[in-house]
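Morning, everyone. Please bring the model up on your screens, and we will walk through it together.

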Protein chains: 4
Amino acid sequence: MTNRFGKIFTFTSWGESHGNKIGCVIDGAPAQIKLTESDIQYYLDQRRPGQKLTSPRNEADKVTIESGVFNGITTGAPISLIIENNNHQTKDYSDLKDVFRPGHADFTYYHKYGIWDYRGGGRASARETAMRVAAGAIARKILPNNIKIDTIIEQIGSLKAGNIDWEFAKNNIMRCPDKESLHSWQEYLEQIKESGDSVGAILQVRIQNVPIGLGSPVYNKLDANIASAIMSINAVKAVEIGDGFLLGKSYGSASNDQISIDDDKIRFHSNSSGGILGGISNGDDIIVRFAVKPTSSINKPQHTINTNYEAKTIQITGRHDPCVALRAAPVAEAMLACVLADHYLLNKNSKI
Amino acid sequence: MTNRFGKIFTFTSWGESHGNKIGCVIDGAPAQIKLTESDIQYYLDQRRPGQKLTSPRNEADKVTIESGVFNGITTGAPISLIIENNNHQTKDYSDLKDVFRPGHADFTYYHKYGIWDYRGGGRASARETAMRVAAGAIARKILPNNIKIDTIIEQIGSLKAGNIDWEFAKNNIMRCPDKESLHSWQEYLEQIKESGDSVGAILQVRIQNVPIGLGSPVYNKLDANIASAIMSINAVKAVEIGDGFLLGKSYGSASNDQISIDDDKIRFHSNSSGGILGGISNGDDIIVRFAVKPTSSINKPQHTINTNYEAKTIQITGRHDPCVALRAAPVAEAMLACVLADHYLLNKNSKI
Amino acid sequence: MTNRFGKIFTFTSWGESHGNKIGCVIDGAPAQIKLTESDIQYYLDQRRPGQKLTSPRNEADKVTIESGVFNGITTGAPISLIIENNNHQTKDYSDLKDVFRPGHADFTYYHKYGIWDYRGGGRASARETAMRVAAGAIARKILPNNIKIDTIIEQIGSLKAGNIDWEFAKNNIMRCPDKESLHSWQEYLEQIKESGDSVGAILQVRIQNVPIGLGSPVYNKLDANIASAIMSINAVKAVEIGDGFLLGKSYGSASNDQISIDDDKIRFHSNSSGGILGGISNGDDIIVRFAVKPTSSINKPQHTINTNYEAKTIQITGRHDPCVALRAAPVAEAMLACVLADHYLLNKNSKI
Amino acid sequence: MTNRFGKIFTFTSWGESHGNKIGCVIDGAPAQIKLTESDIQYYLDQRRPGQKLTSPRNEADKVTIESGVFNGITTGAPISLIIENNNHQTKDYSDLKDVFRPGHADFTYYHKYGIWDYRGGGRASARETAMRVAAGAIARKILPNNIKIDTIIEQIGSLKAGNIDWEFAKNNIMRCPDKESLHSWQEYLEQIKESGDSVGAILQVRIQNVPIGLGSPVYNKLDANIASAIMSINAVKAVEIGDGFLLGKSYGSASNDQISIDDDKIRFHSNSSGGILGGISNGDDIIVRFAVKPTSSINKPQHTINTNYEAKTIQITGRHDPCVALRAAPVAEAMLACVLADHYLLNKNSKI
């Protein structure tokens, strides 16, 4: 049950970083959706490594639909998606087989299962997130067309975007929302990469045109499901909705989103709640912010131990992104699409 | 399914703020646990209003065990817990029946369900959290005895604790960890209460002596389940594990928790991961921080609309906590106990 | 999870035979359903003991709705139903506390849990079925009005109904479909009761006007869910759909339900499939047959052992139905209503 | 959710009869199980067509393990199994694309989803059962070694086995338990095949050495889960546990399985309950009987309609088993292994 996501619209993913294939099975997509492999490939290409500032491991990430679609239309049967892992180099990882890389899941997997697939992180690798993106592409087809999901990187290590320009962010690979900052961000990342270090980041996702009424009370609040979905992404360690932690410093008189009617349309005076009240979408933009920790693999000596509990020093060479934020953006968007699609279907039964 | 929490150790809660009773059914507690009503009452008393700085609604919150326990021992059957609502005053809420209180769930419940129980928030009321605390009391009995869960309030509105003294926090009702600050916090809250306003807060929970290996990979990561559990609590809008958002500004060389062996014991040099690596507990303290927004009910005029979409001004009188943090603390602890108990049971099947 | 039934429309029941109360929580009923206690009481009264041929334990079985209904309409919140156990006589059972009654769950509960509530069967008692009936009453409100669920007893011990008259069965307490047989059935049951023995029975449920399309492929086939629902009822040991076991002796040329169009309406030439093809309702009557074993409590000496594994002889006195079929009928109908309501809601998402 | 089976030990299957591949994902298998492809292939070979009395479609059914196993040992990660469909002949089915085959799921799939994959039954094909068998092979590895699962065919159409010899049944492809009957059964099936007709059958599965305590009360009774698992198999329309329908004609004095102690071992005098009391295994043999309907595809003219609701006559040529019982046997055994493995893992948490 741990590799399945969702309640009605569900996906179950499988595959390790260095296996032959990875894949997922979407169970619960309604029939009658037009679906082609290129619909999914479009989003996969957004998270694909092989770009200058992401890992040089050049995967094609070519997805195939193996079931559930007939004559270009979903049939209600489970949709099996598979990506071949063409380019994994098992040799890179052979000397890591009994030593726990700091910041990685090696230590905990070993203790929980008594075994771990040490080749590139195995199941704990970011490789798995490709299937989240693939599932998200199908989730988007369930949602109303006019929903828009966009992501900016607000901060990368010590650099914070000054001006927030959502349009500008769409047109640069770093999703930097600040025209003035883009060049320095690129240089900063190059520098970190050369030094062998890595850096964290803070991202913001905005979802526009969300219908009112998505989310379920109490333990499946939309915010709770979003928090879970985002926190389940590799390297994420913090998530907030709307004004988030700032609300802890605020007053009710300032943070309650008051309501007006303007030209027969409902208008909230503010959006401190991030579009969610009582766990249910209120029709305003959903605002989600989250932090990714610095990439755990760094080319610097670190103290650790091995499976015999002997002290070791480890320095991880090989190809790694200096910052996972660039690839995390499409993954977060996909997970949010899955959460919304699930609640969109569930909501059909809110009233008789 | 929306009112059920957990996978193996589950509870389903029911009841509205102003109904006759509230309750929950725990399904999945193992047999052979010694359990009395006073075991549960102990934790319920921690969140009970009737204290100076919380709502003056003086509920006894007296729990009864209606099933699942025989001769003081759990039988494996579902455990039904019920609390009578003795002291609800329906009159207080009669003029709110068609107007949406800003910051509350009225607006979204009405749009989702076409009806809402306007008496004191109905199902969306904090009344429901009593059952989380009750379930948490049973969850603690499943966990190893030596697990310790403590909570401090780090910040309340504009006041931030300087010094962090966990022992001091245990001995004051405000869970204030800073001896120097306590008095000013109390005065601050009184002031806010008198002004009719409310204030948010930031809390930290620390869980000590967690076994290694709790949590499941990928979509049921321990951090994801914690995020969901905490974010599902009324008024919570932000959650982070370990260094959380600070990791977004950090470097891998600083934030990877390096490992040593000291006197044959594993020691992490730091705990930026908050005790969770790859979604699985690593044996270090679990650190969870979260923010609660200011109480939505304030005694100040606010713009809103009614169910006919007419502009209205609303000013909410009656009894309300100026800050929900004091009551949120035992609720958060209970939810974390439930998450850990669930994974504690699940973990029995990690290896053959 | 073991005390919860259903996927979208779910209920979780609790309570032992001799506790103070029993109850259930319905989670997943849509808002906007008109619901009163008498809607539920109507069906509870059908299974109530206190009638001549059922157990003389005269329970009122008075249900109260404790949550989820506001001004007579469901709100989407969980619906808590409670029945007080007024008339349990604990004394009857005190000498059974360490001896396993043959045919009962005592032996298995004791070995599984190391403890069992020996008072009247505890959780394994038929008392629990009252909550199935209560949940079923709400399920019926979700289904289209014109669905009709009827049950006949086809066979009771060695007596088999000759003629099947569904209307006649509705008007006698034994649900006997054969006018000629009714009197002899009553005498037969009285005789068995006097002899201290008990007897099994075979029942048939017919559901008319089922919409086409209910049920889900593969592992949640409508027949699979029905089989599970019926087999979960106390004393049931066999279930079949349509021609059931007879199909094992049949030929495809005889048992395929051929299809015609008559006056623009679809007509199946036969209904050997019992209204379900490929796990999905085909619009024809759903036909379910099942067998209940004889009541396990008999007033005759039986060999058994106690918890010390010593040989014992047991003879069970007290009030027991000679045949559970009369009370099983409304329980089976309720379970089938729950299965259909669940699939009725699920089916809203079969197509986009 | 409809293509997933199980609670803790789960599998999700995918793939249509005439797609490129079929597969399943096992989620919840513990780590540390030795597992090779040949462990699974052994059982797949038992249900493989290509034998004289089963469909001549000669599939190799060669399974590959794509994830979850590292160095021959399960890692706790999801296990992905894939079989390539080498030998499907799409042409056979082209004239069936708008006409509903009687007895098949075409009619109901079309009405539920508005589309169906008419090539060989699509998702409703028996092709899917290969993955049940594959999952069952892994389930067996979780269960204690000494558990034995055997199946006999008791009746095939009008022919019923006289003598029941379990050993004899193991050594003939028809699982015929009666030496005297085997030859006539073979001739009978040949005859039916030549006539273009098909025939049903009744099977019995016996599971020996089941631990006491498997199964959960009330809605996940072991009998309920077994009934669901068996009824979910294509063509199954009836299932009974122990004496099943015969119990409806029996008396408590005869059908209660009385208990003795013989040489310090518990002995039930009879096994009318089929090894399950109160939904929990009692340690005696589990006995499950079920019926499969005759193969729906027959080479005889039948009345039907098409998607335009026009009357049609259909005669289905091509390769089809005259009786599905031979292939149903390993499928039923696999499903039962999955049910038992799931409860075996769940049972680890019955007591603290």
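Chain A and chain D bury about 3100 Å² between them in this predicted model. Of that area, 58% is on carbon and sulfur atoms. Why quote an area? The size of an interface is often given as the accessible area lost when the parts come together.

Which residues of chain A lose the most area to chain D? They are A:Trp14, A:Phe70 and A:Ile115. Together they make up 20% of what that side buries. As for residue counts, 37 come from chain A and 37 from chain D.

Now the charges. Between chain A and chain D we count two salt bridges. Find A:Glu66 and D:Lys21: their side chains form a salt bridge, 3.2 Å from N to O.

How do the two chains relate? Rotate chain A by 180°, with 0.0 Å of shift along the axis, and it superposes on chain D with an RMSD of 0.0 Å. That is the relation of a two-fold axis. Also, 100% of the interface residues of chain A are interface residues in chain D too, so the copies meet through the same surface.

Next, a sheet in chain D. Five strands make an open sheet, in the order 1-2-3-7-4, with antiparallel pairing. Strand 1 (4-5) and strand 4 (63-65) are at the edges. Each has a single partner strand, so one side of each has no neighbour in the sheet. Strand 1 pairs with strand 2, residues 10-14, over two bridges. There, D:Arg4 is opposite D:Thr12.

Over to chain A, and strand 10, residues 201-208. Is this strand buried or exposed? Eight of its eight residues are buried, so strand 10 is largely enclosed by the rest of the structure. In a regular strand the side chains alternate between the two faces of the sheet. Look at strand 10: A:Ala201, A:Leu203, A:Val205 and A:Ile207 point one way. A:Ile202, A:Gln204, A:Arg206 and A:Gln208 point the other way.

Strand 10 has antiparallel partners. Eight bridges join it to strand 8, residues 148-156, where A:Asp150 is the bridge partner of A:Arg206. Seven bridges join strand 10 to strand 16, residues 286-292, and A:Val205 is opposite A:Val288.

Last stop, the core. The largest nonpolar core has 331 residues. Which of them touch the most other members? A:Leu81, B:Leu81, C:Leu81 and D:Leu81. Take C:Leu81: beyond its neighbours within four places in sequence, its contacts include C:Ile22, C:Cys24, C:Val63 and C:Met131.

How values were computed
Residues numbered from 1 in each chain as written. Chains lettered and ligands numbered in written order. Predicted model: local features only at pLDDT ≥ 70, side-chain atom pairs only at ≥ 80, totals over all residues. Heavy atoms only, no water. Pairing = 2+ DSSP bridges. Helix = DSSP H or I, 4+ residues; strand = E, 2+ residues; numbered from the N terminus. Least-squares fit on C-alpha atoms with pLDDT ≥ 70 in both. Contact = heavy atoms within 4.5 Å. Core = buried A, V, L, I, M, F, W, Y, C linked by side-chain atoms within 4.5 Å. Buried < 20%, exposed > 50% of the residue type's maximum accessible area, 1.4 Å probe, protein only. Buried area = accessible area lost by both parts, 1.4 Å probe. Salt bridge = Lys/Arg side-chain N within 4 Å of Asp/Glu carboxyl O.
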